Amino acid sequence: MSNESKTQADVAVPPIAPVLRTSGLTKRYGKARGIEGLDLEVAQGEIFGFLGPNGSGKTTTIRLLLDLLHPTRGRAELFGLDSGRDSLAIRRRLGYLPGDVALYEDMTAKELLDLVARIRSVDCEKNQRSLAERLGMDLRARIRACSKGTKQKIAIIQALMHDPELLILDEPTLGLDPLVQREFYQILLEQKTAGRTVFLSSHILTEVERVCDRVGIIREGRLVDVEHVSDLKRKKVRKMELVLARSVTDADVAQLKMEGVELVGRHGNRMELAVHGNIERLLSILSAMPVEDLVFPEATLEDTFMEFYGDRRKH
Amino acid sequence: MNIHLFLASLKAGKTGIISWSVLIALYGLLVMYLYPSVKDAGLAQYYLSLPEPLKQMIGVDGLLTPEGKLPLKFFVSAEFLSFAPVLVTVYAIFSAGNIAAKEAEMGTLDLILSQPIARTRFLTSKFAVILAGLAAVNLGSMAGLALGMNLITERMSLPVLALALLQSSFLVLAVACISMLFSCIFLNPRKALASAGVFTAASYILNFMAPSLGSYQWVERLSVFHYYRSQDVISKGVLDWGSALVLLAVAAVSFLAAVLVFRQRDIVS
């Protein structure tokens, strides 16, 4: 099967009716591209990452699921219900965190959360307090005076406080400090344990690796792949910069020739490598070399895309 | 309508509503306060000398006595009922023009429409706030005029005044619904307010100019201001149901169109 035609059907999905399913979902803005022919399934109890660079169509997809946008073609179903026709029934059962959080600035956090709870006709008092405590925020704060991170926390609480069956989160950790991010990931894993489903869009590879079961990769409006996170980790490309105590020799280069390691550049005592997969063997070789410095940053989505998905359309 | 969204929106808009109500009440008070000092100053002759379109606009016919005396009800009609509703339409344009457009621009529309609330309910809840605002402004008008009447010796019928204000509400309601339609079409406050403002101003000018257009005078029927007949209510003492129904029909059609447009509209981030 060619890469182009690989769909979610190729990656095992739990044998439960999908909570979320799109078929041929397409959105065009006049002549501009939105998304094209998106086929996706997310099973109950799954944390599904929707990964793609900025402008790839993640937010458009989410807005179609929420009936904020109407599809040009195709359809989306949530809980087996049509995203357009049954939107109200669907929204009763989901929680949504927008990518660009905007709240009523004149309200306090508590007033806003109470308004949302009343619109939903549910008592969320206990969950509100518990989530606020876990995320470290004071609900009495007036939203106008809140930082971007605090507004993000308020938006997270409103998405979670009514115990939705499905969480749709658009870039959820934007603006959160690392400690709060960690707590947020923990909350997501608890949601999964409770049998709830999470659909999370992100452009941060490590974020989806950390919490997701499967990942859908979208680029230029098209779903290019659906992977288990373990497969994605294998594909992940990281750049490594090595500084030796002496000039790099041909013997050094020969030593580093192995599967999953590619020499990208060599200047004096410096080498730049592209590494994917397991680094255990590479590290054992490096330990025998006079390494003065080593820079090995997190893999970027862009690098992984360029390596595996960047030129797919040319194949 | 969603009562919780209505109450939250009413709370958010209360400063504007109170300000407009107080402003209009002060205007009513001022008109009453000024009446004794101008009633014998030859103002009646001035009104009679105005060009025909202006006389029609302020409703000279049937209010000025043949001797050219200036009764209180004419002065209120000319100086309050000719201008106050125009001011209130400005309030209507700003409130209704922003109804969905401002929330779309701020991004709060995403937050609300991701909750289990239908778009129609969102609009009706927000529009109910405008209706509450109009009621408050009318109460302000009534309070200002009634309070002002206590400062002078002349009297006019308060029930008739209330009917005239009700008649003016139909005009404001029509303008509000048209502004809401523009708000839903554009989902952009600047475009919505500009369109609603241009439409209302053009409508006002058309009605003002039409009497001087000879055989084309019929175009005045295209203006919502043509159906504004509060002065007639003052002179006849009863509602002008014909004009009221036209304005209510314009309001209803615009409201329904706004709902249909908003339901079909993509909410783009």
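In chain A, helix H5 (residues 148–160) lies across strands S6 and S7 (166–170), and H5(A) runs at about 170° to S6(A). Helices (H or I, at least four residues) and strands (E, at least two) are taken here as DSSP runs, numbered from the N terminus, while contact means heavy atoms within 4.5 Å. Axes are lines fitted to C-alpha atoms, for helices over the stretch in contact, and angles run from 0 to 180 degrees between N-to-C directions. The model is a predicted one, in which local features need pLDDT of at least 70 and side-chain atom pairs count only at pLDDT 80 or more, whereas totals for chains, interfaces and linings use all residues. Residues are numbered from 1 along each chain as its sequence is written, chains are lettered from A and ligands numbered from 1 in the order in which they are written, and side-chain values use heavy atoms, with hydrogens and water left out.

Strands S6 and S7 of chain A belong to an open sheet of six strands, ordered S6-S7-S8-S3-S9-S10, in which the pairing is mixed; two strands are said to pair if DSSP finds at least two bridges between them. The edges of this sheet are formed by strand S6 (94–97) and strand S10 (222–228) of chain A, each of which pairs on one side only, and the twist from one strand to the next averages 15°. Within the sheet, strand S3 (residues 47–51) and strand S9 (residues 214–219) of chain A pair in the parallel sense over four bridges, and Gly49(A) has Val215(A) in S9(A) as its bridge partner.

A further open sheet of chain A has four strands in the order S12-S13-S11-S14, with antiparallel pairing. Strand S12 (261–267) and strand S14 (291–295) of chain A stand at its edges with a single partner strand each, so one side of each is left without a neighbour in the sheet. Neighbouring strands of this sheet are turned against each other by 20° on average, direction ignored. Strand S11 (residues 237–244) and strand S13 (residues 270–276) of chain A are paired in the antiparallel sense over seven bridges, with His276(A) in S13(A) as the bridge partner of Val237(A).

Antiparallel pairing is also found between strand S1 (residues 18–29) and strand S4 (residues 73–78) of chain A, which are joined by five bridges, and here Thr22(A) stands opposite Ala76(A) in S4(A). S4(A) pairs in turn with strand S5 (residues 81–82) of chain A, in the antiparallel sense and over two bridges, Leu78(A) having Leu81(A) in S5(A) as its bridge partner. The hairpin of S4(A) and S5(A) has two residues between the strands, and in it Phe79(A) takes a positive phi near 55°.

In chain B, the axes of helix H8 (residues 119–149) and helix H9 (residues 158–186) come within 10 Å and cross at roughly 150°. H8(B) and H9(B) are therefore roughly antiparallel to each other, given that angles under 35 degrees count as roughly parallel, over 145 as roughly antiparallel, 65 to 115 as roughly perpendicular and the rest as oblique. The residues of the contact of H8(B) with H9(B) divide into 19 nonpolar, four polar and no charged, where Ala, Val, Leu, Ile, Met, Phe, Trp, Tyr, Cys and Pro count as nonpolar, Asp, Glu, Lys and Arg as charged, and the others, Gly among them, as polar.

H9(B) also packs against helix H12 (residues 241–264) of chain B, at an angle of about 20° and with the axes 8 Å apart, and H9(B) and H12(B) are therefore roughly parallel to each other. The contact of H9(B) with H12(B) has 20 nonpolar, three polar and no charged residues.

The contact between the two chains takes 27 residues from chain B and 25 residues from chain A. Chain B and chain A bury about 2300 Å² between them, 59% of it on carbon and sulfur atoms, buried area being the accessible area (1.4 Å probe) that two parts lose on being put together, summed over both. Leu111(B), Gln115(B) and Pro116(B) supply 27% of the area that chain B buries against chain A, more than any other three residues.
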